[in-house]
Amino acid sequence: MELSELSNLLLLDVEENLLTGDVVPGSVLSTTSLIAYRASSNFLQGSISSQISNLQNLEQLWLGDVSLTGTIPTQIGRLSDLQFLFLYDDSFQGSLMGSLPTEIGNLSKLIDLRVYGNQLQESIPTELFQVTSLESLIMDRNFFDGTLSTEMGNLSNLAYFRVDGNQLTGTLPTELARMVHLENFFVNSNFLSGQIPNVFDGFDRLEFIDVSSNAFNGTIPESVFDVPTLQFAYFSNNSLVGSIPPSYSKPPLLRDLYLDGNGLTGAIPPLLQPGDLQDLNEFLLQNNFLSGSMPASICDLRGDDGDLDDLFADCGGQNPRVLCSFPTCCNQCSEAQSSSGR
């Protein structure tokens, strides 16, 4: 019996096998009853046919970790019931090329889009930010350029936003303030600049923020430390200035705080309250212009009162900027750079 003869077939799940051949063979394209086609993690190869639009009932198209080639056909925008579209490559060596078609903006029921680890390029289409049903948008490790549209604020249901490792420029739109359901926010390793908007007051689910390795300037957005769920905050390797907000010790679940590789000045604030940051594991402060002594309340986290494994600061050399006992308090001391060396 041919697959196409199964006129009532709704789900075809062949994930994690050793299958070879076309990623979407003709027999699948002829099975128009399909609601879900799951073929990730096989040895399938080839391009997605424009005839994918034959599958008008399709809600799930899972083609991750197969050898996709060619481009994403514009006809994919005709799958009006599509909710999950997985075209990723975990090896980050995917061969899917071209742009993200604007027709994806027609997928009004789309919940989860994963196209990471490919060679997609050009700008992220504004039409994508009209798909307000999206809860997960994962597009890291491609070659997307251009700016992040102010329309991104439309994605008020989004929990997972990942565009790191691209070639994005411009600023972070202040419309980020409307994305209050975010749990994970990754824009690191791009060419973004300007100030990081201080718009996190209404966030109550954010666990992970990574804006490192960009060209952000201005000060650390203090409102991010008002988010009670915050666990990981990475601000490394930008051009941030000013002092560390005293409220940095407020998030009760904070585990990693990376502030290294910026132009921060002033003294390192002590913890606001005894018992703050009991889960803090890594606190990176090196390669800044901070001064003074490491507060005793932070050093205490290196002992029985906390879980702090890594505390790095500019406490090395003959004239350390930060006075910090090594290795009982700071366990890595960098030698301070001169102001002209940055």
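Predicted model: local features only at pLDDT ≥ 70, side-chain atom pairs only at ≥ 80, totals over all residues.

Trainee: How many disulfides does a search of the whole structure find, and what is the pairing of the bonded cysteines in sequence order?
Mentor: The search of the whole structure finds three disulfides. When the bonded cysteines are numbered in sequence order, the pairing is 1-4, 2-6, 3-5.

Trainee: How many residues apart in sequence are the parts that Cys 299 and Cys 329 tie together?
Mentor: The sulfur atoms of Cys 299 and Cys 329 are 2.0 Å apart, and the two residues form a disulfide. Cys 299 belongs to helix H2, whereas Cys 329 is in the loop between S24 and strand S25, so the parts tied together are separated in sequence by 30 residues.

Trainee: Is the disulfide of Cys 324 and Cys 330 left-handed or right-handed?
Mentor: Cys 324 is joined to Cys 330 with an S to S distance of 2.1 Å, and both residues are buried. The torsion about their S-S bond is about 100°, so the disulfide is right-handed.

Trainee: Does Cys 333 count as buried or partly exposed?
Mentor: Cys 333 is joined by a disulfide to Cys 315, which counts as buried at 11% relative accessibility. Buried requires under 20%. Cys 333 has 26% relative accessibility and therefore counts as partly exposed.

Trainee: In S22, which residue is the bridge partner of Gly 266?
Mentor: Strands S20 and S22 pair in the parallel sense over three bridges. Within S22, the bridge partner of Gly 266 is Leu 290.

Terms used: Residues numbered from 1 in each chain as written. Heavy atoms only, no water. Pairing = 2+ DSSP bridges. Helix = DSSP H or I, 4+ residues; strand = E, 2+ residues; numbered from the N terminus. Disulfide = S-S within 2.5 Å. Buried < 20%, exposed > 50% of the residue type's maximum accessible area, 1.4 Å probe, protein only.
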